[in-house]
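Biologist: Please take a close look at one part of this model and describe it step by step. I would like to know where it sits and what surrounds it.

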Amino acid sequence: MFKPSSTTLKAAYEQFLSNAIKDGTIADKWLTDFKADKLSLDDALALKVIVDQRKK
């Protein structure tokens, strides 16, 4: 599971997901999974790629 090593990193990734949800890039399921410690590291990295690609 994706568990950032500091509260700063966790807050930054949560904000990243929240922004992507607000602009319609990803579904809110991903933030729910992250908050429940159910987001895998693979999915966390893939979400970053997807969000970056869709913002181009």
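Modeller: D37 is partly exposed, with a relative accessible area of 34% (buried means under 20%, exposed over 50%, and partly exposed in between, for a 1.4 Å probe and protein chains only). This is a predicted model, in which local features need pLDDT of at least 70, side-chain atom pairs count only at pLDDT 80 or more, and totals for chains, interfaces and linings use all residues. Residues are numbered from 1 along each chain as its sequence is written, and side-chain values use heavy atoms, with hydrogens and water left out.

D37 belongs to the loop between helix 2 and helix 3 (helices, H or I with at least four residues, and strands, E with at least two, are DSSP runs numbered from the N terminus). Its phi is near 55°, which is positive although D37 is not a glycine. A positive phi, near 80°, is also found at G24, which follows helix 1. G24 lies in the loop between helix 1 and helix 2, and at 61% relative accessible area G24 is exposed. From G24 to T7, 17 residues away in sequence, the C-alpha distance is 26 Å.

Now to helix 1 itself, residues 7–22. Its 16 residues should span 22 Å at 1.5 Å a residue, and the end C-alpha atoms are 22 Å apart, so the two agree (the expected span is 1.5 Å times one less than the number of residues). K22 is part of helix 1 and counts as exposed, at 68% relative accessibility.

The buried residues of helix 1 are Y13, F16, L17, S18 and A20. An α-helix has 3.6 residues a turn, so residues three or four places apart point the same way. The buried residues of helix 1 pack against helix 2 (29–35) and helix 3 (41–54) (contact means heavy atoms within 4.5 Å).

Beyond four places in sequence, Y13 is in contact with F2, F34, L39, A44, L47 and K48. Y13 and L31 are 18 residues apart along the chain, and their C-alpha atoms are separated by 9.4 Å.

The largest nonpolar core has 12 residues, among them Y13, F16, L17 and A20 (a nonpolar core is a set of buried Ala, Val, Leu, Ile, Met, Phe, Trp, Tyr and Cys residues joined through side-chain atoms within 4.5 Å). Helices 1, 2 and 3 each supply at least two residues of this core, and helix 1 gives the most, with four.

Last, the packing on helix 3. The axes of helix 1 and helix 3 come within 11 Å and cross at roughly 45° (axes are lines fitted to C-alpha atoms, for helices over the stretch in contact, with angles from 0 to 180 degrees between N-to-C directions). That makes the two helices oblique (under 35 degrees is roughly parallel, over 145 roughly antiparallel, 65 to 115 roughly perpendicular, and the rest oblique). Y13, F16, L17 and A20 of helix 1 make this contact with A44, L47, K48 and V51 of helix 3.
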